[in-house]
Amino acid sequence: MSKVTHTHVDEFGNVTTHTHEMAHEHGHYHSPEEKKKQINRLARAIGHLQHVKVMIENDEDCADVLMQLSAVNSALKNLGKEIINEHMTHCITHAIEDGDTHAVEEFQKAVQKFI
């Protein structure tokens, strides 16, 4: 079994982390270049989201807040698409080669929740 750590940020910006064991044994490899792009995209989305919080605190125009939220949603959706693409290209390909149907099933569930 391998241990996997997940980090979650709630709507208030509170961060929680939990670790659990996964039944599949295939390794995860993410290219440093792709990982850096994804982290940069996420950092920009977090910055936009923090700006939305300030806008709401300052009673700024609701239309402007919604436009900013739209930008955050778009950024997160695009990041998700990139992660799906990379995961399918690398991790799922290796899982299939290794006969790891559990990893494929778990990924399918995750994609369904994302979309």
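Q: What percentage of the residues in the protein is buried?
A: A residue counts as buried when its relative accessible area is under 20%. In this predicted model, the protein has 115 residues. The buried share of them is 20%.

Q: In what order do the elements of the protein run from the N terminus on?
A: The secondary structure comprises 3 helices and 2 strands. Read from the N terminus, the order of these elements is β-β-α-α-α.

Q: Are H1 and H2 roughly parallel or roughly antiparallel?
A: The axes of H1 and H2 come within 9 Å and cross at roughly 160°. Angles over 145 degrees count as roughly antiparallel. Therefore the orientation of H1 relative to H2 is roughly antiparallel.

Q: Which residues of H2 make the contact with H1?
A: On the H1 side, the contact is made by Glu34, Gln38, Arg41, Leu42, Ala45, His48, Leu49, His51, Val52, Met55 and Ile56. Facing them from H2 are Asp64, Val65, Gln68, Leu69, Val72, Ala75, Leu76, Asn78, Leu79, Glu82, Ile83 and Glu86.

Q: Is Gln38 buried or exposed?
A: Gln38 is found in helix H1. Leaving out residues up to four places away in sequence, Gln38 touches Leu79, Glu82, Ile83 and Glu86. Its relative accessibility is 13%, and the cut-off for burial is under 20%. Gln38 therefore counts as buried.

Q: Where is Asp59 found, and is Asp59 buried or exposed?
A: Asp59 is found in the loop between helix H1 (32-57) and helix H2 (62-97). Phi of Asp59 is near 55°, a positive value in a residue other than glycine. With a relative accessible area of 69%, against a cut-off of over 50%, Asp59 is exposed.

Q: The charged end of Lys77 sits over the ring of which residue?
A: The criterion requires NZ of Lys to be within 6 Å of the ring centre. For Lys77, the charged end is 5.6 Å from the centre of the ring, and the ring belongs to Phe114.

Q: How many aromatic pairs does a search of the whole structure find?
A: To pair, ring centres must lie within 6.5 Å. The search of the whole structure gives a count of 0.

Methods. Residues are numbered from 1 along each chain as its sequence is written. This is a predicted model: local features need pLDDT of at least 70, side-chain atom pairs count only at pLDDT 80 or more; totals for chains, interfaces and linings use all residues. Side-chain values use heavy atoms; hydrogens and water are left out. Rings of Phe, Tyr and Trp (its six-membered ring) pair if their centres lie within 6.5 Å; planes under 30 degrees apart count as stacked, over 60 as edge-to-face and the rest as tilted. A charge sits over a ring if NZ of Lys or CZ of Arg is within 6 Å of the ring centre and within 35 degrees of the ring normal. Helices (H or I, at least four residues) and strands (E, at least two) are DSSP runs, numbered from the N terminus. Buried means under 20% relative accessible area, exposed over 50%, partly exposed in between (1.4 Å probe, protein chains only). Axes are lines fitted to C-alpha atoms, for helices over the stretch in contact, and angles run from 0 to 180 degrees between N-to-C directions. Angles under 35 degrees count as roughly parallel, over 145 as roughly antiparallel, 65 to 115 as roughly perpendicular and the rest as oblique. Contact means heavy atoms within 4.5 Å.
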